[in-house]
Amino acid sequence: MAADLEAGRARALEAERLRAFRETARQVAHELKNPLTPIRLAVLRLQREAPAALAETVDVLSVESARLEAMARSFAQFGRLPEGPAADIDVGEMVRYVAKSTVPPHVPLTLDVDDALPLVRGHHDALARALSNILLNAVDACTPTGTITVSASRMNGAVRIAVRDTGSGIPPEHLARIWEPYVTHKPGGTGLGLAIARQTVLAHQGTVDAWSAPGAGTEIRLTLPA
């Protein structure tokens with residue numbers, strides 16, 4: 001009973017912490033989006049009308065405003081839980097599509113998807129974004145010579161999706177914090193990719209876990225109830 005109470009207290013604290021993070025993310029996304037619309041319109045006008053001598057400066061404005069736009073989208077995604085009615089999801093089809101559309105052609109990709117996976121009830125777009133975020137991290141870790149393996153299998157009334165890369169790996173002291181929002185070791189990163197993935201899987205009553213070793217690569221596993 002004491003262990004159950006402690007676990008319940010930990011879950012409540014974690015839920016409250018995530019609510020606070022989501023509220024902050026929503027506010028940041030809102031504050032970023034307001035000035036971004038006129039900035040992007042101004043950049044488009046400059047691209048049409050600015051003299052050739054300013055072309056490089058205009059390109060910088062375009063690239064950096066696009067980066068801010070992507071950052072605003074990340075904050076907005078983290079700031080909300082999956083919305084709308086749930087539907088049955090063919091996980092195998094989703095995994096194949098997201099993997100092939102996210103991993104660039106120059107990164108070797110292996111797909112190992114069980115043909116008889118049960119359906120998962122949930123939000124297709126949110127789960128696809130979560131998997132895409134994990135794959136983007138794997139691609140970054142694999143530069144320039146690593147490989148990626150994506151598998152989807154049935155296990156004990158659930159479906160497990162695993163993304164394994166042979167990249168640089170994560171030091172043990174950093175591994176425990178990879179799911180926390182705003183924690184990143186990538187230049188220009190928001191630290192929200194894995195936080196969004198975890199939040200999405202938890203909202204589907206699933207679990208996440210990770211294995212990694214420096215120099216040996218990383219494996220991220222998502223388990224969803226069938």
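Q: What does "buried" mean here, and what share of the residues counts as buried?
A: Buried means under 20% relative accessible area, exposed over 50%, and partly exposed in between (1.4 Å probe, protein chains only). Of the protein's 226 residues, 37% count as buried. This is a predicted model: local features need pLDDT of at least 70, side-chain atom pairs count only at pLDDT 80 or more, and totals for chains, interfaces and linings use all residues. Residues are numbered from 1 along each chain as its sequence is written, and side-chain values use heavy atoms, with hydrogens and water left out.

Q: How many helices and strands are there?
A: Helices (H or I, at least four residues) and strands (E, at least two) are DSSP runs, numbered from the N terminus. The protein has 6 helices and 7 strands. Along the sequence the pattern reads α-α-β-α-β-β-α-β-β-α-α-β-β.

Q: Which residues does D165 touch?
A: Contact means heavy atoms within 4.5 Å. D165 sits in strand β5 (residues 158-165). Not counting residues up to four places away in sequence, D165 touches A138, A141, C142, T147, I148, A216, G217 and T218.

Q: What is the nearest side chain of opposite charge to D165?
A: For charge, Lys and Arg count as positive and Asp and Glu as negative; His and the chain ends are not counted. A salt bridge is a side-chain nitrogen of Lys or Arg within 4 Å of a carboxyl oxygen of Asp or Glu. D165 is buried yet has no salt bridge; R164, the nearest side chain of opposite charge, is 6.2 Å away.

Q: Where does a polar atom of the D165 side chain find a backbone nitrogen?
A: A polar contact is a pair of N or O atoms within 3.5 Å; within protein, one must be able to donate a hydrogen and the other to accept it, and residues adjacent in sequence count only if both atoms are side-chain atoms. The backbone nitrogen of G167 lies 2.8 Å from a polar atom of the D165 side chain.

Q: How many salt bridges does the rule give?
A: The count comes to 8. One of them joins D88 and R121, with the closest N and O atoms 3.2 Å apart. D88 is in strand β1 (residues 87-89) and R121 in strand β3 (residues 120-122), 33 residues apart.

Q: Which residues are linked with R164 in a network of salt bridges?
A: D209, E219 and R221 are linked with R164. R164 pairs with E219, the closest N and O atoms being 3.9 Å apart. R164 lies in strand β5 and E219 in strand β7 (residues 217-225), so the pair ties together parts 55 residues apart in sequence. E219 also bridges to R221, at 2.9 Å between the closest N and O atoms.
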